[in-house]
Amino acid sequence: MSSTFNSSNSLYDFVVKDGNGVKGIVDSGLKEVPERYIQPPHLQINKLDSSTHILPPIDLSKLNGPEHDQVVDQIVSASETLGFFQVVNHGVSIELLESLKDAAHTFFNLPPENKAIYLSGVSPSPTVRYGTSFAPEKEKSLEWKDYISMIYNNDEQALQYWPDQCKEVALEYVKLSSKIVRDLVEILIGELGVKLEESKIDGLLGRRVVNMNYYPACPNPELTVGVGRHSDIGAITVLLQDGIGGLYVKVEQDNDSENEEWLEIPPIHGALVINIGDALQILSNGKYKSAEHRVRTTNTQSRVSVPIFTLPQPTERIEPLPEVVKKDGLARYREIVFQDYMKNFFGNVHGGKKSLDFARINAA
Ligand SMILES: O=C(O)CCC(=O)C(=O)O
Ligand SMILES: [Fe+2]
C-alpha cells in the first residue's frame, strides 16, 4: 500500500478522490507523514509555544437566578476579548455528549467505501458531505483531518439523508444547541443597546451546520496541522471536543508584534466550547471578536470534535448595526450578502483572519 504514496498525485487520489481520507493513510501502516502533509515551518505548531486558557467555564444555569448579571458580564467580557469561552449546565446532557463522540468514532471507523458514498458529487443529498482537509484542490499542504458535514434544513431531510451512525444524536444536538445560541446572541446584541426584530435574528441564525471532525493519530504531529489557522465565519460556533486537547486560540494583539500568543482551550468534561464568528464581529462593528484558531494533531490517539456552526441565511445582508456605528463614529465593515462571504471563504485556503478582509473597510 505504501507504494501508492510514492507520487503526490496517487496520494491525492487515494485520500481525496477515492475517499480513503487521512484515516486510510494511517490504516495502511505508514510510519511517517507523506510530504504533502508537511506544513511550512511558520505554520507548524510548537506545543511549547503556548499556555493553557485557565478561565473557568461559565455556568449558564445561573442566567436564571440571582447571579444573572454577573453571568452576562462574563459572556460579554469573554466575547470582547478572546472570543472563546466554555460553558457548563448548558442543557445538553453528558449522555448526549458522549453519544456524539461515540457516533463520530463509529462513522469514521466504517470501511472507506461506506463513507465514500457521501463524497461531494455522489452524495445522495447536498445536505451531507464527507471529505478531508479544508480545500484540498487548492492547498499546498493538506490538513490532517477527515470530516462529515451535515446541513440542517428540517428533521425529515436529516433523518432521510444523514448517515445512520450519527443522524439521531446530531439532530438532537442541533436542537439543544440552538437554544444556547439564541440565548447568547440575545445577550450579546442586547449589550449593544439594540433590540433586533425576531425576523432579523432568524436571518442571522437561520442556517445550522453540524460537522464531525476526525483527526487520526499522526506519526509526526510537529510537522502537520489538524486544522490550519482560521476564524469561523458564522454568528456563533458551539463545539464539543473530546479529552485529547489540541485546540489553540490566538490572543489578538493591538500592534503588529512578531510574537504571537496562543492559548490552548483545555478539554473540560461536560463543557461545550463557544466561539464568536465573523458575522457577529461585523454586526458588532468589531466589539465582539471572531478569534483565529487552529488544531494540533497528536501521535497517541485519534481525536474527534463536533462543532455546530450557526450562520446567517445565504441571502441575508450583514453589516454593522447602525446604532453601534453611530456610537463608534465610523463603520469598520461594509455590508455583505452572506452567500458572497461564504463563497470567498470556501474559495480560498485557510489564512488566519483573512476572511474578514472581504468585509473590512480600510482606514485611510
Ligand atoms: O476540532 C476543533 O477543536 C476545532 C475545529 C474547528 O475549528 C472547525 O471545525 O472550524
Ligand atoms: Fe473553527
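Visitor: Why is asparagine 89 called partly exposed?
Guide: Asparagine 89 has 15 other C-beta atoms within 10 Å. A residue needs 20 or more to be buried and 12 or fewer to be exposed, so with 15 asparagine 89 is partly exposed. Please keep in mind that this is a predicted model.

Visitor: What is said about phi of asparagine 89, and where is asparagine 89 found?
Guide: Phi of asparagine 89 is near 50°, which is a positive value in a residue other than glycine. Asparagine 89 is found in the loop between strand E3 (84–88) and helix H4 (94–108).

Visitor: Asparagine 285 has a positive phi too, near 55°. Is asparagine 285 buried or exposed?
Guide: Asparagine 285 is buried, because it has 22 other C-beta atoms within 10 Å and the cut-off for buried is 20 or more. Asparagine 285 is found in the loop between helix H9 (278–283) and E12.

Visitor: What makes glutamine 70 partly exposed?
Guide: Glutamine 70 has 13 C-beta neighbours inside 10 Å. Exposed would take 12 or fewer, so glutamine 70, with 13, counts as partly exposed. Its place is in helix H3 (residues 68–80).

Visitor: Why is H4 called oblique to H7?
Guide: The axes of H4 and helix H7 (residues 167–191) cross at roughly 135°. Roughly perpendicular covers 65 to 115 degrees and roughly antiparallel begins over 145, so this pair is oblique.

Visitor: What else describes the meeting of H4 and H7?
Guide: In general, two packed helices are described by the angle between their axes and the distance between the axes. Here the axes come within 9 Å, and the crossing of H4 and H7 is left-handed.

Visitor: What makes strand E11 mostly covered?
Guide: In E11 (residues 272–276), 5 of its 5 residues are buried. Leu272, Ile274 and Ile276 point one way, Val273 and Asn275 point the other way, and all are buried. In a regular strand the side chains alternate between the two faces of the sheet.

Visitor: How do you know that E3 and E8 pair with E11?
Guide: Pairing requires at least two bridges. E3 and E11 have 4 bridges in the antiparallel sense, with phenylalanine 84 opposite asparagine 275 in E11. E8 and E11 also pair in the antiparallel sense over 4 bridges, and valine 238 stands opposite isoleucine 274 in E11.

Visitor: What is the order of the open sheet of 8 strands, and what makes E2 and E4 its edge strands?
Guide: The order is E2-E3-E11-E8-E13-E6-E5-E4, with mixed pairing. Strand E2 (58–59) and strand E4 (128–132) are the edge strands, as each pairs on one side only. Further along this order, 7 bridges join strand E5 (residues 146–152) to E6, and the two run antiparallel. One bridge partner in E6 is valine 210, which faces methionine 150.

Visitor: What is the order of the open sheet of 5 strands?
Guide: Its order is E1-E10-E9-E12-E7, again with mixed pairing. The edge strands are E1 (50–52) and E7 (227–230), each pairing on one side only. Neighbouring strands of this sheet are turned by 25° against each other on average, direction ignored.

Visitor: How do you know that E1 pairs with E10?
Guide: E1 and strand E10 (residues 262–264) share 3 bridges in the parallel sense, and pairing asks for at least two. Serine 50 has tryptophan 262 in E10 as its bridge partner.

Visitor: Which residues are around ligand 1, and which classes do they belong to?
Guide: The residues around ligand 1 are Asn211, Asn213, Val227, Asp232, Leu239, Gln241, Leu247, His293, Val295, Ser305 and Pro307. Strands E6 (207–215), E8 (236–241), E12 (293–295) and E13 (303–311) each give two or more residues to this shell. By class, the shell has 5 nonpolar, 5 polar and 1 charged residues.

Key. Residues are numbered from 1 along each chain as its sequence is written. Chains are lettered from A and ligands numbered from 1 in the order in which they are written. This is a predicted model: local features need pLDDT of at least 70, side-chain atom pairs count only at pLDDT 80 or more; totals for chains, interfaces and linings use all residues. A residue is near a molecule or strand if its C-beta atom, placed from the backbone, lies within 6 Å of it. Ala, Val, Leu, Ile, Met, Phe, Trp, Tyr, Cys and Pro count as nonpolar, Asp, Glu, Lys and Arg as charged, and the others, Gly among them, as polar. Axes are lines fitted to C-alpha atoms, for helices over the stretch in contact, and angles run from 0 to 180 degrees between N-to-C directions. Angles under 35 degrees count as roughly parallel, over 145 as roughly antiparallel, 65 to 115 as roughly perpendicular and the rest as oblique. A crossing is left-handed if the near helix is turned anticlockwise from the far one by less than a right angle, and right-handed if clockwise.
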